[in-house]
Amino acid sequence: MSKPFVHFFETPKGKYFYDVNTNAIVGVTSRLYEYLNGGTEYPLDHADTLKELETLTWAGMLSTDKWEAIEHPATRLLKENLNGSIEMLTLQVTQQCNLRCQYCPYSGSYYNRKHSSASMNIEIAKKAVDFYIRHSFDRHELNIGFYGGEPLIQYDLIEEVVDYVRKHGEGKKVNFHITTNATLLDLKKITFLAKNKFKITISLDGPRELHDKNRKKTDGKGSFDKVMENIQMIQKYFPEYIKEIMFNCVVDGRGDYGCLNDFFTNYDIIKDIHTTFSDIAEEGIKDQELLLSSEDYDKAYQYEVFKLLLNKCNLISDKAVSPIVRSYYDFIRMMLKGRSVGYAYNNTGHPGGPCIPGVHKLFVNINGDFYPCEKLNEDIKEFVIGNVESGFDFERIENILNVGRSTQEECKNCWCSRYCYQCILFSEEGDSLSAEKRISHCKTVKKATENMFKDYCLIKEAEADDNHIYFL
């Protein structure tokens, strides 16, 4: 029997494999697990095991099929999507910022990125909006975001752009978005944002001692008190609108987990607002110590995961579950709970990771250059996918979409391809792109995916809501 294209893993309670071709996570007996993993001979003498094997094969599992070549499925309709289906426009209205957050890519902690005094002018902004409107005719709504630096430094420009979009948006509903450190908010600005129903994301890293550790003003002082003052202002004057705000917390693993958890669980105002939690970005970072986590933090996190499992067994209440862990649980459910399962082989495919450059999001920097998103290093010419004057560079967009071709053999034979999160960002090395750099991330991606599978199975075991041979 040829070796099936699967990946094996275990939890304390069960033995599983992930079947690549059907996208199924399969729980099996120890006997079949050992056989499939190369530990025993063909189990013809054990009727139950043979029946289990036949059932899996009948369901299309245990196939040895692999992609013959790497090609993203969106490649063939790339131009059509770019010409009429752009989902969101994000404008880098300024490269200035009034904070110097330690982990910010533009604050000197990363290679090839830096803050500057440069800002976008209204003519470039209008051309970007015009381009977006022309290339989103298939969309029922427009989504326009403002990004920096700190975008509120260019508040007057934001007002002009909003007015321009209202006049030229062809009658479509417009959703405005802004990511801000909230230190520059005042009653005038928040009134404008509320009136235009902006979706506001405020950067907030926890209580004062954690937030101010990394999120400092240019004079070195912390920003927590000013942020909280402005959040309280929003609550006072716009008590309904504050429900539309979202917080983003960048988690520093060197901090106190209990302090962080208590803040987002119990602090007035904060506890009722949706918060996303993200790690410090690894790509291009100079100081690797920023990525470390303390032993106490790791233990506290794992204890909260344990409490989540107790919650799924109905042994503790929802209120006892940490919002940080709950955010991870929601991510697992999004990735695995509703995924499609079934044999659907194509002779070409592409690892997960890349969105369709320019379609999912069109990021326009202060000079009018196009990028797939705001996370990419603007000093790398291969990341530029067009300009407000010349339009899209389709060849470069196709190359970015098919970044997996640079590591084709590795990707074709990787069990983790479907859940790989490596986009072109992970190929960044200095001021150029590198296949070796992309491969260097593979071990981390595989480990994260396997851990996600294990946690999913642990949760399913705790919920005890699936007794079938594989988890849907």
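In helix H9, the residues Tyr257, Leu260, Asn261, Phe264 and Thr265 meet Pro323, Ile324 and Val325 of helix H11, where contact means heavy atoms within 4.5 Å. By class, six nonpolar, two polar and no charged residues take part in this contact of H9 with H11; Ala, Val, Leu, Ile, Met, Phe, Trp, Tyr, Cys and Pro are counted as nonpolar, Asp, Glu, Lys and Arg as charged, and the others, Gly among them, as polar. The model is a predicted one, in which local features need pLDDT of at least 70 and side-chain atom pairs count only at pLDDT 80 or more, while totals for chains, interfaces and linings use all residues. Residues are numbered from 1 along each chain as its sequence is written, and side-chain values use heavy atoms, with hydrogens and water left out.

Helices (H or I, at least four residues) and strands (E, at least two) are DSSP runs numbered from the N terminus. The axes of H9 (residues 257-266) and H11 (residues 323-337) come within 9 Å and cross at roughly 80 degrees, which makes H9 roughly perpendicular to H11. Axes here are lines fitted to C-alpha atoms, for helices over the stretch in contact, with angles running from 0 to 180 degrees between N-to-C directions; angles under 35 degrees count as roughly parallel, over 145 as roughly antiparallel, 65 to 115 as roughly perpendicular and the rest as oblique.

H11 also packs against H15, at an angle of about 95 degrees and with the axes 10 Å apart, so that H11 is roughly perpendicular to H15. On the H11 side the contact is made by Tyr328, Tyr329, Phe331, Ile332, Arg333, Met335, Leu336 and Lys337, and on the H15 side by Asn451, Met452, Phe453, Asp455, Tyr456, Ile459, Lys460 and Glu463. These residues of the contact of H11 with H15 divide into 10 nonpolar, one polar and five charged.

Grid points are joined across faces, edges and corners, and a volume is the space filled by probe spheres set on the points. By this rule there are three cavities of 30 Å³ or more.

The largest cavity holds about 100 Å³ of space, and its lining consists of Asp205, Leu210, Asn214, Cys249, Val250, Val251, Asp252, Gly255, Asp256, Leu260 and Tyr297. Helix H7 (208-214) and strand E9 are the elements that give two or more residues to this lining, and E9 gives the most, with three residues. The lining of the largest cavity has six nonpolar, two polar and three charged residues.

The second largest cavity, with about 60 Å³ of space, is lined by Val305, Leu308, Leu309, Tyr328, Tyr329, Ile332, Asp455, Leu458 and Ile459.

Strand E11 (348-349) and helix H13 (408-412) each contribute at least two residues to the pocket lining, which comprises 11 nonpolar, 13 polar and six charged residues.

Strand E9 also belongs to an open sheet of 10 strands in the order E10-E9-E8-E7-E6-E5-E12-E13-E14-E15, with mixed pairing; two strands pair if DSSP finds at least two bridges between them. Strand E10 (275-279) and strand E15 (391-392) are the edge strands, each pairing on one side only. E9 (residues 246-251) and E10 run parallel and are joined by five bridges, with Val251 opposite Asp279 in E10. Helix H5 (residues 155-168) packs on the sheet, where it touches strand E5 (89-92), strand E6 (141-147) and strand E7 (173-180), and its direction makes about 165 degrees with that of E7.

Most residues other than glycine have a negative phi, and most peptide bonds are trans.

Technical notes:
On a 1 Å grid over the protein atoms alone, a cavity is a set of points where a 1.4 Å probe fits but cannot get out, and a pocket is an open set with protein on both sides within 12 Å along at least five of seven lines; lining residues have an atom within 4 Å of a point.
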